Structures are given as C-alpha cells and as structure tokens.
Amino acid sequence: LSCIVSWNAGLVLVVTWGSCPRLRCICQKRLINLFERQSEARAAAGVAGLIGNCPIQDVVAQAGSRFHTVKLASLSFEDIKDNVPNPTLSSKTKLASFGSCDAFVSH
C-alpha cells in the first residue's frame, strides 16, 4: 500500500511540475547549476591531481581567471582545418566566466 501511495504522490509531483512552465524552468535552472558546479569541481580536482599538491579552490580560481571563449561565427575553416597550434587565434577569444560557454571543442 505504501508503494502505491508513494507512486501516486510522485505522479502528482511530476504532473504538477510538468504543467507549470515557471516551476519547471526554476527546477531546470537549479539542476543545471548543481551539475555545472559538480562538473567544474571534478575537472579542477583532476587538474589538481595532475599538477600535484594544489588545493582545488586554487585550481578553480586560476582556471576562472584564464577561461576564454570564442564565438563559432568568428572562426573560419582555415582556423580549424587541422590541429596545428595557431597563436593568432587568441585574438578572437574573450575572457569569460564558468557557465557562460555553450560547448567545449578541443583541437
């Protein structure tokens, strides 16, 4: 009986959440922020582990001060046709904050 009650309560929550766009948007934003923070911390932990004895907070602070983005529209085929480093591409980047980037693409 408790299983049926739990199922029905969950179903009511899902239907309520799905039928209220504002509530759904708030929940989605909170979940996205939660996962982004966890992802950043995991990535920073990985880098910190590679670097050595460096606290995660220091790694995140350094990465945040160096994080740059580039708009896809500003790149040409010549810019990305191979994976040869091209220092002139840095002129197309802008300093950005974590979470402001839609995708990560590596050469």
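Trainee: What places Ser65 in helix α3?

Mentor: Ser65 falls within residues 56-66, the span of helix α3; helices are DSSP runs of H or I with at least four residues, strands are runs of E with at least two, and both are numbered from the N terminus. This is a predicted model in which local features need pLDDT of at least 70, side-chain atom pairs count only at pLDDT 80 or more, and totals for chains, interfaces and linings use all residues. Residues are numbered from 1 along each chain as its sequence is written, and side-chain values use heavy atoms, with hydrogens and water left out.

Trainee: Why is Ser65 called partly exposed?

Mentor: Its relative accessible area is 48%. Buried means under 20% and exposed over 50%, with partly exposed in between (1.4 Å probe, protein chains only); Ser65 is therefore partly exposed.

Trainee: Why is Leu11 called partly exposed?

Mentor: Leu11, in helix α1 (residues 2-19), has a relative accessible area of 43%, so Leu11 is partly exposed.

Trainee: What does the side chain of Ser65 reach?

Mentor: The side chain of Ser65 reaches the backbone oxygen of Gln62 at 2.8 Å. In space, Ser65 and Phe98 are 9.8 Å apart, C-alpha to C-alpha, although 33 residues separate them in sequence.

Trainee: Which element gives the most to the lining of the largest pocket?

Mentor: That element is α2, with 7 residues. The lining has 43 residues, and His68, Cys101, Ala103, Phe104 and Val105 lie nearest the centre of the pocket. Elements giving two or more residues to this lining include α3 and β1 (68-69).

Terms used
A polar contact is a pair of N or O atoms within 3.5 Å; within protein, one must be able to donate a hydrogen and the other to accept it, and residues adjacent in sequence count only if both atoms are side-chain atoms. On a 1 Å grid over the protein atoms alone, a cavity is a set of points where a 1.4 Å probe fits but cannot get out, and a pocket is an open set with protein on both sides within 12 Å along at least five of seven lines; lining residues have an atom within 4 Å of a point.
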